[in-house]
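Hi,

Here's the structure I promised to pass on.

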Amino acid sequence: MGCLESMKHEIIMRDTTFKECRQYILSNFPEHFEVLPGYKIFEKHLIGVPPLYIAVDGDDVIIPYTKPCYGTFLIRVPDPEMAAELRKKKQK
Amino acid sequence: MPDTKTGPRDALLLLGCPQVPIQTSVALYLAGKLRKQGITTVITGNRAARTNIEVADPDRHYIGEVIDIDRCIAQLAEKKRDFHYCFSFIHNDAGLSYAATVKAMSPAAQILIIFGDHYEEVAGSVEFPAEIIAVKAVHNPMPLKAKIDEVFPWVVSNL
């Protein structure tokens with residue numbers, strides 16, 4: 001698994017807020033998971049205000065991604081292995 | 001790592017995007033005040049924020065260690081490091097997200113320094129317990145400096 005910047009990804013929302021990301025995930029992705037800020041995925045620790053949500057949609061993983069100067073993005077990363085791993089974690 | 005950090009006091013200064021001019025001068029001012037109190041500081045931010053700080057204090061009269069924000073977050077998340085205080089410089093939603101992330105990972109006393117044109121809106125979005133210093137200050141650092149001077153003695157003696 002490589003660093004997020006070097007991986008194929010699609011931007012679902014850009015220049016958004018943590019609240020909008022949270023709401024969008026809850027409203028649009030039934031398979032969502034609450035994680036703690038700092039949760040490591042794609043070699044990055046997620047930044048966000050709890051409750052922080054990520055989701056899986058088919059083989060894709062949906063995560064918020066925050067940078068100090070660019071705000072928060074909601075991105076879709078195709079990664080069947082990670083999607084399966086997250087589903088497995090949720091079942092536990 | 002214990003719930004409350006022990007040993008000599010230290011503080012993390014978490015910088016936001018340096019697009020609001022006063023951030024660098026107020027961060028240097030606060031680092032100097034903390035140093036005078038014997039509190040070691042570590043400054044973290046993205047490359048632009050760090051470079052502003054390092055260029056402004058080349059001989060490191062006020063600043064100590066300066067580290068990349070992703071590295072700092074990783075060290076906190078992996079419990080390799082912690083601080084007594086975290087002063088977060090916030091003028092937008094992203095800054096608030098970073099502060100909330102540190103709050104979730106660290107027992108450090110959180111002091112949110114909220115400034116910029118939208119300071120009221122940003123301060124109103126805070127959803128976690130923290131001491132808040134919020135002032136409308138963009139180009140002139142004096143209102144924020146005055147507020148820091150007002151609360152600083154209480155912060156270092158009570159938190």
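Below is what I found, starting with the sheet in chain B. Keep in mind that this is a predicted model.

Chain B has an open sheet of six strands, paired in parallel and ordered β3-β2-β1-β4-β5-β6. At the edges you'll find β3 (65-68) and β6 (131-134) of chain B, each with a single partner strand, so one side of each has no neighbour in the sheet. From one strand to the next, the twist averages 20 degrees. If you zoom in on β5 (residues 109-114) of chain B, it pairs with β6(B) over four bridges, in the parallel sense; B:L112 has B:I132 in β6(B) as its bridge partner. Packed on the sheet is helix α4 (residues 93-105) of chain B, which touches β1 (10-14), β4 (85-90) and β5 of chain B and runs at about 165 degrees to the direction of β4(B).

Next, the core. The largest nonpolar one has 72 residues, and B:L13, B:L14 and B:A27 have the most contacts inside it. Helix α1 (residues 22-36) of chain B gives the most to this core, seven residues. Leaving aside residues up to four places away in sequence, B:L13 touches B:A27, B:L30, B:A31, B:T41, B:I43 and B:F87.

As for the contact between the chains, it takes 17 residues from chain A and 24 residues from chain B. On the chain A side, β6 (60-67) and β7 (71-78) each supply at least two residues. By class, that side has eight nonpolar, seven polar and two charged residues.

A:P30 counts as exposed because it has 9 C-beta neighbours inside 10 Å.

Cheers

Methods:
Residues numbered from 1 in each chain as written. Chains lettered and ligands numbered in written order. Predicted model: local features only at pLDDT ≥ 70, side-chain atom pairs only at ≥ 80, totals over all residues. Buried ≥ 20, exposed ≤ 12 C-beta atoms within 10 Å, placed from the backbone. Contact = placed C-beta atoms within 7 Å. Nonpolar A, V, L, I, M, F, W, Y, C, P; charged D, E, K, R; others polar. Core = buried A, V, L, I, M, F, W, Y, C linked by C-beta atoms within 7 Å. Pairing = 2+ DSSP bridges. Axes fitted to C-alpha atoms, helices over the stretch in contact; angles between N-to-C directions.
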